[in-house]
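Dear colleague,

I am handing over the structure below, followed by an account of what was found in it. Please read the account with the structure open beside you.

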Amino acid sequence: MNRAERRRLEKQGKKNPSMTIKASEWEVMKQKERQKALDAVLPLLLGLPVKVLKEKYGWGTQKRLPDFADALLEAYEEFSKNDQSIEDLMKQVEQDCSIRFTEDEICGRK
């Protein structure tokens, strides 16, 4: 193999391949990824409050916890239907409940 062939092979190995996709395909891919993320996070977002209410506050599994879980699901569905941002929700929680979640608390930094 001569020098020119070696250089050509080196260049081929360094190329970063690209591909073209349609905007509609891109939107479908994004929607699938959003749904995967939601499917991964939603059990945590639903399970932790229920666990705390059961273990720390003694809520029962016959009436109060199922009602709370249903209310949580309704709230998540309502939030996802509206164009409300997370920032808007956090402002509303702070105004209505006097509870403020900082970014450091949410991300586990202190």
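The lining of the largest pocket in this predicted model comprises, by class, 22 nonpolar, 4 polar and 4 charged residues. The pocket has a volume of about 1,400 Å³, and of the 30 residues that line this largest pocket, Leu 45, Tyr 76, Phe 79, Leu 89 and Met 90 are those nearest its centre. Two or more lining residues come from each of the helices α2 (23–55), α3 (64–81), α4 and α5 (103–107).

Leu 45, one of the residues nearest the centre of the largest pocket, belongs to helix α2. With a relative accessibility of 37%, Leu 45 counts as partly exposed, because that class covers the values between the 20% under which a residue is buried and the 50% over which it is exposed. The C-alpha atom of Leu 45 is separated by 13 Å from that of Glu 77, a residue 32 positions away along the chain.

Between the C-alpha atoms of Leu 38 and Ala 75, which are 37 residues apart along the chain, the separation is 15 Å. Glu 27 is likewise a residue of helix α2, and is partly exposed, its relative accessible area being 41%. For Glu 27 and Arg 6, which are 21 residues apart along the chain, the C-alpha atoms are separated by 41 Å.

What follows α4 is Ser 98, a residue with a positive phi, near 60°.

Turning to the chain as a whole, the secondary structure comes to 5 helices and 0 strands, and the pattern along the sequence reads α-α-α-α-α. The radius of gyration of the chain is 24 Å, whereas the globule rule gives 13 Å for 110 residues; the value for this chain is well over that figure, so the chain is more spread out than a compact globule. Along the principal axes, the C-alpha atoms fill a box of roughly 80 × 35 × 30 Å. As to burial, 5% of the 110 residues of the chain count as buried. The accessible surface of the protein chain comes to about 10,200 Å², and 55% of that surface belongs to carbon and sulfur atoms.

With best wishes

Notes. Residues numbered from 1 in each chain as written. Predicted model: local features only at pLDDT ≥ 70, side-chain atom pairs only at ≥ 80, totals over all residues. Heavy atoms only, no water. Helix = DSSP H or I, 4+ residues; strand = E, 2+ residues; numbered from the N terminus. 1 Å grid on protein atoms, 1.4 Å probe; cavity = no way out; pocket = protein on both sides within 12 Å on 5 of 7 lines; lining within 4 Å. Points joined across faces, edges and corners; volume = space filled by probe spheres on them. Nonpolar A, V, L, I, M, F, W, Y, C, P; charged D, E, K, R; others polar. Buried < 20%, exposed > 50% of the residue type's maximum accessible area, 1.4 Å probe, protein only. Rg over C-alpha atoms; globule rule 2.2 N^0.38 Å. Areas by Shrake-Rupley, 256 points an atom, 1.4 Å probe, with all protein chains shown as cover.
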